[in-house]
Amino acid sequence: MKKLIVLFTVIALSTGVGFAQKQEKKEKKQEVVEFKLNEVICPNCKRKIDNNIAFEKGVTEITYGEDGSTVQVKYRTDRTDPKKLQAAFEKVKLEVVEAKPVVEQPAKKSEKKKETKK
């Protein structure tokens, strides 16, 4: 009887340890690519982009450039890539002249000075 109790205790403790292991989550890396279009983005073209490109898999943010012919698209790299996004632009009859990745600068950490008492 004691052997059965010890056996069940060992089994219960060993399965609990197995379930307690934390699984690693995959990091969802995001990148930004800038598309230069062959024409100025009119309100109608902007509507097309907002209604179609924004719903492509992996697209998280769309911003428009100040020059009126560039669109920056932030996307998840595990879901899509610049070639698929360029094909999505061509699907809505917008010709892409150039697609280049945008390097985001890391946020600067403010330096805090610690005062020590002597």
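Colleague: Which side chain meets that of Lys29 in a salt bridge?

Modeller: That would be Glu31. Before we zoom in, bear in mind that this is a predicted model, where local features need pLDDT of at least 70 and side-chain atom pairs count only at pLDDT 80 or more, while totals for chains, interfaces and linings use all residues. Numbering runs from 1 along each chain as its sequence is written, and side-chain values use heavy atoms, with hydrogens and water left out.

Back to your pair, then. The side chains of Lys29 and Glu31 come together at 3.7 Å, N to O, and that makes a salt bridge (a side-chain nitrogen of Lys or Arg within 4 Å of a carboxyl oxygen of Asp or Glu). Lys29 is partly exposed, with a relative accessible area of 47%, and Glu31 is partly exposed too, at 31%. Here, buried means under 20% relative accessible area, exposed over 50%, and partly exposed in between (1.4 Å probe, protein chains only).

The structure holds 4 salt bridges, so let's look at some others, since side chains of opposite charge can pair when their charged atoms come close. Glu34 and Lys100 meet through their side chains at 3.8 Å, N to O. Glu34 sits in strand 1 and Lys100 in strand 4 (residues 96–102), so this pair ties together parts that are 66 residues apart in sequence. Helices (H or I, at least four residues) and strands (E, at least two) are DSSP runs, numbered from the N terminus. Glu34 is buried, with a relative accessible area of 17%, whereas Lys100 counts as partly exposed at 39%. There's also a salt bridge between the side chains of Asp78 and Arg76, at 2.9 Å, N to O. Asp78 is partly exposed at 48% relative accessibility, while Arg76 is buried at 16%.

Thr80 is buried, with a relative accessible area of 8%. Leaving out residues up to four places away in sequence, Thr80 is in contact (heavy atoms within 4.5 Å) with Lys57, Gly58, Tyr75 and Leu85.

Leu85 takes us into helix 3, where Leu85, Ala88 and Phe89 are buried. Looking down the axis of helix 3, the buried residues fall within an arc of 100° (taken from the directions from the axis to the C-beta atoms), so they line one face of the helix. Lys83 and Lys91 are exposed, on the face of helix 3 turned away from that buried side. Among the parts covering the buried residues are strand 1, helix 2, strand 2, strand 3 and strand 4. Just after helix 3, Lys93 takes a positive phi of about 65°.

Leu85 and Phe89 also turn up in the largest nonpolar core, which has 18 residues. Such a core is a set of buried Ala, Val, Leu, Ile, Met, Phe, Trp, Tyr and Cys residues joined through side-chain atoms within 4.5 Å. Phe35, Leu37, Ile49, Val71, Val73, Leu85 and Phe89 touch the most other members. Strand 1 (30–37), helix 2 (43–52), strand 2 (59–64), strand 3 (70–76) and helix 3 (82–91) each give two or more residues to this core. Take Ile49: apart from residues up to four places away in sequence, Ile49 touches Leu37, Ile41, Ala54, Ile62, Tyr64, Val71, Phe89 and Leu94.
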